[in-house]
Amino acid sequence: MANKKINKTSKETIKTSIVKTLKSFLVMVPILLGVILLIGLFKTYITPDLISSIFKGKLFQDTLLGSLIGSISAGNPISSFIIGGELLKEGVSLFAVTAFIVAWVTVGLVQLPAEASILGKRFALTRNFLSFILAIVVAIATVLTLRIFT
Amino acid sequence: MNPNKNNKKRQQNKNLIYGFSFLGSVFIIYLLLSIFDLENVYKSLQASLDIIIQILPILILVILMMLFVNLLLKPKTVSKLLGGESGLRGWLLAIFMGILSHGPIYVWYPLLKNLKDSGMKSGLVAVFLYNRAVKIPLLPVMIYYFGIGFALILTFYMIIASLLEGKIIEITEHKFKDKGIKDV
């Protein structure tokens, strides 16, 4: 009798958890779908040629631009390595390329509406702003350290 | 009705309205673009469909993990592992969870919200999200383009940056909490 009661309670707990999980997930589906559609647009319109045409050859300005372009870009990180590699070949500084690939994976302006809606506006804005600044700091630290060791 | 449950329902409705407005705005952008540039709009839709197919397995994994959190991880346990008293273990756990997680960043938001609601610190959520940028399976590609020294140094600094970001967010969240200002 007691076992039956426990079984019934655990079945109810499982059912409640499944409903709760599906509900919390389904609420987020429209926003996730919106982000995916925006990334689709970015993949089509923001081409590697367009990105490389923006850099002007000035060290600090290019590093800032690298972080900025990385922040608004979206997609698989491999794409950022490939574009970064091409930018290096075209003479863009390693500071700018590093800031670009770090910002690509740490800042998400395209995903910002989803992040703000799900995790909170203040959290999302602070996190993305800090990641943007840190992309520049990490780029400078990485390239300077690399120069010491090589 | 329980006021907590009521608040949660209100928040869910708010998220749903926001979600549909956002999706509607993106649809409008697509519609406007299709007037001038139908070919690229089609390409964008195809790219979006490819993304959905790619992330589907990860989405299923995330739903299962959310179920696991709801079913087995009680708020007390989450709080102990990733909450205010988690200490160094919490920071390390967030770093490893972030590094090991796969797929796009936005796929993980629902699970993180679940964990946050159960007591995970905002600073650790930030650490998790930052360390998603450390992609071990992609390290060979990075090494191919930039060299092993660059890849290792960059990875090291990114982990340090994640901790710095997490700590700053934790401090700011504390300040807002002390003033009684909620994040919405």
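B:K167 is partly exposed, at a relative accessible area of 39% (buried is under 20%, exposed over 50% and partly exposed in between, with a 1.4 Å probe and protein chains only). The model is predicted, so local features need pLDDT of at least 70 and side-chain atom pairs pLDDT 80 or more, while totals for chains, interfaces and linings use all residues. Residues are numbered from 1 along each chain as its sequence is written, chains are lettered from A in the order in which they are written, and side-chain values use heavy atoms, with hydrogens and water left out.

B:K167 pairs up with B:E170 in a salt bridge, the closest N and O atoms being 3.4 Å apart (a salt bridge puts a side-chain nitrogen of Lys or Arg within 4 Å of a carboxyl oxygen of Asp or Glu). The two sit 3 residues apart in helix α8 of chain B, so about one helical turn separates them (helices are DSSP runs of H or I, at least four residues, numbered from the N terminus). B:E170 is buried, with a relative accessible area of 12%. Shared partners tie B:K121, B:K167 and B:E170 into one salt-bridge network.

Over all chains, the structure holds 6 salt bridges. Another one joins A:E115 and A:R127, at 2.6 Å from N to O. This pair links distant parts of the chain, with A:E115 in helix α6 of chain A and A:R127 in helix α7 of chain A, 12 residues apart. A:E115 is buried at 0% relative accessibility, and A:R127 is buried too, at 1%. Neighbours within four places in sequence aside, A:R127 is in contact with residues of both chains, including A:T106, B:L129 and B:E165 (contact means heavy atoms within 4.5 Å).

As for the interface, 66 residues of chain A are in contact with 69 residues of chain B. Together the chains bury about 6,200 Å², 77% of it on carbon and sulfur atoms (buried area is the accessible area, 1.4 Å probe, that two parts lose on being put together, summed over both).
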